[in-house]
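Subject: Structure for you to look through

Hello,

Here is the structure I promised to pass on to you, and my notes on it follow below. Please read them with the model open beside you.

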Amino acid sequence: MTTLMEFKEVDVHYGPIQALKKVSLTVDEGEIVTMIGANGAGKSTLLMSIFGQPRISSGEIIYRGEDISQKSAHYVASHGLAQSPEGRRIFPSMSVEENLLMGTIPIGMQHADEDMKRMFELFPRLEERRNQRASTMSGGEQQMLAIARALMSRPKLLLLDEPSLGLAPIIVKQIFEILKDVASTGMTIFLVEQNANHALKLADRGYVMVNGEIRLTGTGAELLLNPEVREAYLGGH
Amino acid sequence: MDIVLQQLVNGLTLGSVYGLIAIGYTMVYGIIGMINFAHGDVYMVSAYLTAISIALLTFFGVQSFPFIIFGALVFTIVITGAYGWVIERVAYRPLRNSSRLSVLISAIGMSLILQNYVQLSQGPNQQGVPTLLSGAFRFYVGDGFVQITYMKVMILLIAFTGMAVLTYIIQKTKLGRMCRATQQDRKMASILGIDTDKVISSVFVIGSAMAALAGVLVTLDYGAFDFYIGFIMGIKAFTAAVLGGIGSLPGAMLGGIILGLSESLFAGLVSSDYKDVFSFSLLVLILIIRPSGLLGKPAVEKV
């Protein structure tokens with residue numbers, strides 16, 4: 001398997017505070033990799049640093065053989081990386097359709113109709129609301145929209161930041177079912193989550209982040225059984 | 001009665017001009033959260049460019065009015081748009097991550113530079129263009145009449161066409177979606193692959209082009225201009241933008257028309273000497289009673 005993305009000893013600082021400490025990880029093509037960790041562990045910082053927001057202070061982020069750590073966000077986005085970010089960040093006063101079209105910026109509009117149809121099959125709720133302002137939708141629908149928007153750019157690597165955040169358990173289950181479908185198409189996914197149970201079940205491999213450092217790594221199944229992980233993230237049962 | 005109708009017609013034309021210029025204020029505010037105080041002076045530059053383009057066209061023997069106005073519009077809009085692009089590039093982009101105050105000071109500096117540069121290069125005296133289109137429609141109302149010059153009809157037609165085209169671009173095209181996305185969430189826009197610096201540049205170009213449209217129309221109608229006209233026009237258009245709700249595109253157009261109408265009615269019915277006082281009192285009132293304007297959203301501090 002070829003490595004798609006690799007973090008090499010990445011440090012990130014916010015002023016005097018170090019948010020990431022010598023983080024190294026790899027994501028291979030076709031894999032689902034997850035990063036679990038508590039609130040404030042540095043998971044979102046990690047994902048955003050891929051887009052240079054914030055810039056890393058040392059180390060390298062290699063994507064398809066190229067160090068992208070100093071590139072602009074739009075350069076990164078136009079080379080096959082798409083993110084459904086923390087807090088979803090859909091465009092509130094745009095319609096669902098317009099939000100989806102925003103996902104096509106890196107590849108142009110030629111596949112827009114076909115891809116939008118595909119998204120509506122994957123997320124039937126979005127089709128019902130296609131002309132509705134995105135801000136009027138529920139949290140779960142907004143999360144689906146954020147994921148669908150990221151998929152509209154036909155990414156080589158899909159980055160997901162806590163798709164379960166703030167959602168009812170039944171919706172979380174639905175979203176993870178859909179992610180499983182997406183993964184079965186061969187999409188490479190890097191998923192950052194607090195919901196360790198769902199994330200580790202879906203993932204081929206996982207990393208555990210504590211205070212900006214990678215503490216543990218292993219296959220999804222191994223980490224699920226790891227006593228430390230069970231204690232900290234799975235409520236000890 | 002005829003005075004009221006006459007002032008309504010005058011106010012509508014004046015208001016459409018305010019609206020065109022207010023678009024530049026509101027779009028720039030929407031996308032980078034600053035008041036571009038050099039915008040009025042961009043309008044002033046476009047008045048000079050109009051005169052230059054008319055001189056050039058007549059020099060090359062173009063006589064027919066439609067060709068002159070078309071040529072003047074294209075020439076002035078393109079070059080004023082370039083001014084907008086350069087201004088953003090040299091005065092605002094280097095300060096993209098600085099405090100709002102620095103950008104504001106830079107804007108005031110830019111305004112002074114433009115005024116002095118035009119004063120030095122074109123002379124401090126009032127300049128003028130000849131009347132190219134004369135004549136008017138007259139409607140008799142009771143004892144008096146209402147007169148609408150052909151020029152005013154043209155102003156209305158071109159101004160509203162300009163606004164309609166712009167609304168279409170913002171609502172329906174990819175560039176428009178990119179502008180709205182950048183306005184709503186600049187960071188997310190960049191993550192989706194939008195070059196937000198380019199979008200901001202294009203907003204300055206669009207705003208300046210709209211000011212240029214106003215500049216051509218007013219210059220052809222009014223004839224006279226000097227290097228200082230940008231100040232009062234800029235502040236009026238800014239008032240219109242605030243009245244409509246700064247950041248809102250339909251708000252700018254609506255605010256322009258309301259301001260134009262009320263100012264003309266005040267001038268016609270109360271006192272034309274105090275019409276500027278009236279306009280600015282209106283600005284003060286809005287800021288006190290409804291700071292978010294007619295169509296604006298209540299201000300939420302961007303994080």
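Helices (H or I, at least four residues) and strands (E, at least two) are taken here as DSSP runs, numbered from the N terminus. By that count, the secondary structure of chain A comes to 10 helices and 10 strands. Please keep in mind that this is a predicted model, in which local features need pLDDT of at least 70 and side-chain atom pairs count only at pLDDT 80 or more, while totals for chains, interfaces and linings use all residues. Residues are numbered from 1 along each chain as its sequence is written, and chains are lettered from A and ligands numbered from 1 in the order in which they are written.

As for overall form, the C-alpha trace of chain A spans about 45 × 40 × 35 Å along its principal axes. Of the 237 residues in chain A, 45% are buried, meaning that 20 or more other C-beta atoms, placed from the backbone, lie within 10 Å of the residue's own.

Turning to the sheet, six strands of chain A form an open sheet with mixed pairing, in the order 6-7-8-3-9-10, where two strands pair if DSSP finds at least two bridges between them. At its edges lie strand 6 (81–84) and strand 10 (213–219) of chain A, each of which pairs on one side only. Within the sheet, strand 7 (residues 157–161) and strand 8 (residues 188–193) of chain A pair in the parallel sense over five bridges, and Leu160(A) stands opposite Leu191(A) in strand 8 of chain A.

Best wishes

Note on methods. A residue is buried if 20 or more other C-beta atoms lie within 10 Å of its own, exposed if 12 or fewer, and partly exposed in between; C-beta atoms are placed from the backbone.
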